[in-house]
Amino acid sequence: MASTTIISIDKLIRLIGTPKCPALIDVRTEDDFAADPRLIPGALRRRHDQLQSWAAPLQGRTAIVICQHGHKLSHGVAAWLRHEGIPADVLEGGFETWATAGLPTVPEAKLPKRDQQGRTVWVTRARPKVDRIACPWLIRRFVDPTAVFLFVIPAEVTAVGERFDAEPFDIENVFWSHRGELCTFDVMVEELGLGTEPLRRLATIVRGADTARLDLAPQTAGLLAASLGLSRMYADDLEQLEAGIVLYDAFYRWCRDATDETHNWPNVKAAAP
């Protein structure tokens, strides 16, 4: 009988990037992680021997625990989480099976320094429109679900980044910014090892909306219109971000699952005279 506390990589692939994805907890040993310092998209590194210090925020969620091979370390942590009332499964085969299958992984070296709570912190210009909503969505869904985003006036982005150890993005002369015809979202998708077909398709739509190249994809004009509408609806940038995340969830699911689906109004035969 198959275990009800083990999840296959095929099932996990379908969950990553969606709002219903469980918390992904990477508990590989320091030696194993040092040998291959990459993460399954959205996974957070946690020490197995410090579970009591990080388990509480998982209350009300489900979790998937990842170790190197999917053996005793992840099974033990998952059992402890279940003891704490947190439904938890183990990734079958662990990180090694995922990496061997050639599935996307995020290089830890590309991520900013984490704060004392293990979060990445990012800073950009206030009053976002396209890129500055799309990039936080990508980070929250595929890199760090706990990430912090600071929106400040353009003149202070660099200084705030330096003072508060925040990584600047979507401004001039920083690593995470436009490169040639590519927008910041394009750059993040590629640099973070997330170049899957659905995300590259979404990147084309985002690029078109962000750079006024509405000919790049039929969906570009719709994304731009929705983005500008959200910017008028919300005076608070963080409230706009939360609303925008739902918008990008929908666009991503279309890019992943529904590009071939059409919607046609049923033909109605004219009434006989």
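**Before you start**

The model is predicted, so to speak of local features requires pLDDT of at least 70 and side-chain atom pairs count only at pLDDT 80 or more, while totals for chains, interfaces and linings use all residues. Residues are numbered from 1 along each chain as its sequence is written, and side-chain values use heavy atoms, with hydrogens and water left out.

**Stop 1: the whole chain**

Show the chain as a cartoon and you will find 11 helices and 10 strands; these are DSSP runs numbered from the N terminus, with helices being H or I of at least four residues and strands E of at least two. The radius of gyration is 21 Å, close to the 19 Å of the globule rule for 273 residues, so the chain is as compact as a globular protein of that length. That radius is taken over C-alpha atoms, and the rule is 2.2 Å times the number of residues to the power 0.38. Along the principal axes, the C-alpha atoms fill a box of roughly 70 × 65 × 30 Å.

Colour by accessibility next: 45% of the 273 residues are buried (under 20% relative accessible area; exposed is over 50% and partly exposed in between, with a 1.4 Å probe and protein chains only). Of the contacts with a separation of 6 or more, 68% join residues 24 or more positions apart, where contact means heavy atoms within 4.5 Å.

**Stop 2: the largest pocket**

Select Ala23, Leu44, Arg61, Pro145 and Thr146, which lie nearest the centre of the largest pocket among its 25 lining residues. A pocket is an open set of points on a 1 Å grid over the protein atoms alone, where a 1.4 Å probe fits, with protein on both sides within 12 Å along at least five of seven lines; lining residues have an atom within 4 Å of a point. The space here is about 550 Å³, a volume being that filled by probe spheres set on the points, which are joined across faces, edges and corners.

Strand 2 gives the largest share, three residues. Colour the lining by class to see 13 nonpolar, seven polar and five charged residues (nonpolar: Ala, Val, Leu, Ile, Met, Phe, Trp, Tyr, Cys and Pro; charged: Asp, Glu, Lys and Arg; polar: the others, Gly among them).

**Stop 3: the second largest pocket**

Move on to the second largest pocket, with about 230 Å³ of space. Of its 14 lining residues, Ile13, Pro104, Phe142, Thr196 and Tyr252 are the closest to its centre. Helix 1 (9-15), helix 9 (197-210) and helix 11 (237-257) each contribute at least two lining residues. By class, this lining has 11 nonpolar, one polar and two charged residues.

**Stop 4: single residues**

Stay with helix 11 and pick Glu242, which is partly exposed at 43% relative accessibility. Its C-alpha atom is 9.0 Å from that of Ile133, 109 residues away along the chain.

Then go to the loop between helix 9 and helix 10 (220-233) and select Leu216. Beyond its neighbours within four places in sequence, Leu216 is in contact with Thr204, Arg207 and Gly208. Ala212 is in the loop between helix 9 and helix 10 and is exposed, at 64% relative accessibility.

Finish with backbone angles: most residues other than glycine have a negative phi. Ala212 has a positive phi near 60°, and Arg127 one of about 55°. You will find Arg127 in the loop between strand 8 (121-125) and helix 6.
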